[in-house]
Amino acid sequence: MITIINYGAGNLASIQNMLRFLNVDCEITGDPQTISRAKKLILPGVGAFDHGMQRLRELNLIEVLNQKVLGEKIPILGICLGVQLFTKRSDEGTLPGLGWIDAETVHFNQSSLAENDRVPHMGWRDVEINHASKLAKELPPNSRFYFVHSYHLRCNSPEDVLFSARYGYSFPSGVEKENIYGVQFHPEKSHRFGKKLLSNYAALN
């Protein structure tokens, strides 16, 4: 069973539908008690960093998430805004993030982009797999995923960077640190590559 966290800032139905297509049991909840019993979590997200952190605080989810992720070490997958909330801070706001990853969330550096590159970065992009991982199992080298974002992670520990993508310059598009996984792209919108990634996540012990 995968528990998808509902904090009012994510496209939950698309993730649920993809998991159901893969015959993976899942539930959507924002209830701390239900989350406290979870065995595997997904934190999705669209929108602004501060709004996401504020919603987690208002719903009393930060304490239970810290217990599940840092204490019990259950797997969690952050998607888009979800993985940005794993970082310490964001250029987009003033609130501190969850701080699970030694990283910051930064705005695309417009001066390093090509003249025709626009922000937000939207569309399909090849993703490079930086090291072996159960999350990347059997993903081909030319895997393509769908992105919609104006901010990306800047990781202080290169070993945490699982996936990279290029838009004007290379940026981390996925991270892995022990039981903590996150992707900047949307696997639920990425067809066969997204299906494989979510299937790999569902198969994690």
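View 1. Tyr 151 belongs to strand 8 (residues 151-155), where strands (E, at least two residues) and helices (H or I, at least four) are DSSP runs numbered from the N terminus. The model is predicted, so that local features need pLDDT of at least 70 and side-chain atom pairs count only at pLDDT 80 or more, while totals for chains, interfaces and linings use all residues. Residues are numbered from 1 along each chain as its sequence is written, and side-chain values use heavy atoms, with hydrogens and water left out. Tyr 151 has a relative accessibility of 16% and counts as buried, the classes being buried under 20% relative accessible area, exposed over 50% and partly exposed in between (1.4 Å probe, protein chains only). Leaving aside residues up to four places away in sequence, Tyr 151 touches Gln 84, Ser 90, Asp 91, Glu 92, Thr 105, Val 106, His 107, Phe 108 and Gln 184, contact meaning heavy atoms within 4.5 Å.

**View 2. The buried side of helix 3.** In helix 3 (residues 49-58), the buried residues are Phe 49, Gly 52, Met 53 and Leu 56. Their arc around the axis is only 95°, which puts them on the same side of helix 3, the arc being that of the directions from the helix axis to the C-beta atoms. An α-helix has 3.6 residues a turn, so residues three or four places apart point the same way. Strand 3 (41-43), helix 4 (62-71), helix 5 (81-84) and strand 5 (103-107) are the elements against which the buried residues of helix 3 pack. Just after helix 3, Asn 60 takes a positive phi of about 55°.

View 3. Most residues other than glycine have a negative phi, and most peptide bonds are trans. The peptide bond from Val 119 to Pro 120 is cis, with omega near 10°, and Pro 120 lies in the loop between strand 5 and strand 6 (121-129). Glu 178, a residue other than glycine, has a positive phi near 55°; Glu 178 is placed in the loop between strand 10 (169-177) and strand 11 (180-183), and is exposed, with a relative accessible area of 57%. His 191 likewise has a positive phi, near 55°, but its place is in helix 6 (residues 191-203), where His 191 counts as exposed at 51% relative accessibility.

View 4. Trp 124 lies in strand 6 and Tyr 146 in strand 7 (residues 144-149), so the pair ties together parts that are 22 residues apart in sequence. Trp 124 is partly exposed, with a relative accessible area of 32%. For Phe 147 and Phe 171, the ring centres are 6.0 Å apart and the planes stand at 80°, so this pair is also edge-to-face. Phe 147 in strand 7 and Phe 171 in strand 10 are 24 residues apart, and their pair links distant parts of the chain; both residues, Phe 147 and Phe 171, are buried. One aromatic cluster includes Phe 147 and Phe 171 along with, among others, Phe 108, Phe 145 and Phe 163. The charged end of Lys 40 sits over the ring of Tyr 201, 5.7 Å from its centre, by the rule that NZ of Lys or CZ of Arg is within 6 Å of the ring centre and within 35 degrees of the ring normal.

**View 5. Two nonpolar cores.** The largest nonpolar core has 34 residues, and those with the most contacts inside it are Leu 19, Ile 42, Leu 77 and Phe 163; such a core is a set of buried Ala, Val, Leu, Ile, Met, Phe, Trp, Tyr and Cys residues joined through side-chain atoms within 4.5 Å. The elements that give two or more residues to this core include strand 1 (2-5), helix 1 (12-21), strand 4 (76-79) and strand 9 (161-167). A second, separate core of 29 residues includes Leu 56, Leu 65, Ile 101 and Cys 155.

Technical notes
Phe/Tyr/Trp six-rings, centres within 6.5 Å; stacked < 30°, edge-to-face > 60°.
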